[in-house]
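Please open the model in your viewer and keep the sequence panel beside it. The stops below say what to select next and what is found there.

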Amino acid sequence: MDGISAAFGEAARLVAAADPALVAIVALSLKVSVAAVAAAALIGLPLGAIVGITRFPGRHFVVVTLNALMGLPPVVVGLVVYLLLSRAGPLGPLGLLFTPAAMVAAQTVLVTPILAALSRQVLEDAWHEHGEQLRSLGAGTGDSVLTLLWDTRFALVTIVLAGFGRAAAEVGAVMIVGGNIDGVTRVMTTAIALETSKGDLPLALGLGIILVTLVLAINAAAQLIRTAALRRYG
Amino acid sequence: MDLRRRIAAATFALAALALSPYALAQKFITVASTTSTEQSGLFKHLLPVFEKKSGIQVRVVAVGTGQALDLARRGDADVVFVHARSAEEKFLSEGHGVKRLPVMYNDFVLIGPKSDPAKIAGSKDILDALKKIRDRGAPFVSRGDRSGTHIAELDLWKAAGIDIAKDKGPWYRDTGQGMGPALNTASSMGAYLLADRGTWLAFRNRGDLAILVEGDKRLFNQYGVMLVNPEKHASVKRAEGQAFVDWLVSPEGQKTIADYKINGEQLFYPNANQPGA
């Protein structure tokens, strides 16, 4: 228990000091994970919608694959993205390895299947309910997809938050493709891993408490927006 | 549909946010180095001095020596700064490095629980100590990750006449971890392990661990630096990388290394003037 109470003290001290290095690490964590989730949403939600409302050969296989990819180990994603972005790899000339962009790419790969698989289910259910109506109004697939995405937006926000949680919490992928470079690619989770390595467990756990608090705050904000929107639009 | 425009605007805003770090383009090099130099705090002390002088940002990726050399073999680093001479020379002979320069040394120490079940505390003979640990079957934590420290540990077992691959029993724990995590493991298990002095001095979670064997000249730990060969890897920043290598072995770089202390204790001893080191 000693260590845990020390960690809360450490977390409070870190927040009170507002150390610029810590602020930069927190800001980078948020930037990387928000960008990754945004990119994953742009790919994953329409993908989920298409798989959810259209019928094509091999669709069941795609559904099972998307569901299985939700369990992709971050360290495997990190390795694959590393091999792609390495100078010796196919995308090496871009020079993206050990940059925040590489971390965004890895987290996007990690989060896209989660958004696609979960939104597929939600949109498939919505399509069963409203598909007939949309078709009778003469809506094409593209318009149907956008309409259903809008209609199910509250469920989709929860899905996007799940994706954000996954991105913000993972350490395996960003460690490999970012390299945990001080001041360049160090984020909350890699900083926690580093402090654990140095044996400074209270500082590591203190950083962990800050990370969990941030994720909590973002979820609370999303909940507030949702409540406000529901009140306004019913 | 209004929604499309809204989505487009949101996308644009997020892309701008994600790309904003690149607005501050600056000259930089990537240095593949070891966990011991990073976790001991040496780079935090060293790099600001070089960056201020040269205007070149040094981005350190701290991994084990084996992995650091592999990063450079793929062209993902400009400079390697590691500590396993045999592995460095292999890297050079494959043509990946330009030239290896000795930079500094410190030493390995044998860490163990104060209760010392193998009764080796105070010994100056590392080989004898390892034999006693093996005979006693006392818990021993190995890095097991092809790092410089792991390579040094394997060499010491060999020198002690012990074939560790064959002889290891349940007492020998292969963790496959960095120096810090291995120390954390040993600390919670009350196990022996080989550590570099720098990481040990900076390490906080010591628990019941202490230095038991030190001072044997076989525990010498030499660090070397190499520019990755630009002929082989076109992406290597030759001028900037060379500037860093030159500075490390310059009188100013060497003095900065010597000045790094924790609680008054010097962690690394510069020796660029010893060409054979």
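Begin by selecting residues 126-136 and 148-159 of chain B, which are the helices α6(B) and α7(B) (helices, H or I, of at least four residues, and strands, E, of at least two, are DSSP runs numbered from the N terminus). Their axes lie 9 Å apart and meet at an angle of about 85°, where axes are lines fitted to C-alpha atoms, for helices over the stretch in contact, and angles run from 0 to 180 degrees between N-to-C directions. The two helices α6(B) and α7(B) are therefore roughly perpendicular to each other, since angles under 35 degrees count as roughly parallel, over 145 as roughly antiparallel, 65 to 115 as roughly perpendicular and the rest as oblique.

Which residues make this contact? Show the side chains of B:Ile126, B:Leu127 and B:Leu130 on α6(B), and of B:Leu156, B:Trp157 and B:Ala159 on α7(B); two residues are in contact if their C-beta atoms, placed from the backbone, lie within 7 Å. By class, this contact has six nonpolar, no polar and no charged residues (Ala, Val, Leu, Ile, Met, Phe, Trp, Tyr, Cys and Pro count as nonpolar, Asp, Glu, Lys and Arg as charged, and the others, Gly among them, as polar).

Before going further, note that this is a predicted model, in which local features need pLDDT of at least 70 and side-chain atom pairs count only at pLDDT 80 or more, while totals for chains, interfaces and linings use all residues. Residues are numbered from 1 along each chain as its sequence is written, and chains are lettered from A and ligands numbered from 1 in the order in which they are written. If you colour chain B by pLDDT, the predictor's confidence in each residue from 0 to 100, the mean is 91, and 91% of the residues of chain B reach 70 or more. For the complex, the predictor gives an ipTM of 0.83 and a pTM of 0.87.

Next, colour chain B by domain, with 2-105 + 222-270 as domain 1 and 107-219 as domain 2; such bounds come from an automatic or database domain assignment. The C-alpha centres of domain 1 and domain 2 of chain B lie 29 Å apart, and 19 residues of domain 1 of chain B are in contact with 14 residues of domain 2 of chain B. On the domain 1 side of chain B, α2 (35-39), α4 (65-73) and α5 (85-93) each supply at least two residues, and α2(B) gives the most, with three residues. That side of domain 1 of chain B divides into seven nonpolar, 11 polar and one charged residue.

Now bring chain A into view: 27 residues of chain B are in contact with 23 residues of chain A.

Just after α9(B), B:Gly190 takes a positive phi of about 65°.

Finally, zoom out: chain A has 10 helices and zero strands, whereas chain B has 12 helices and 12 strands.
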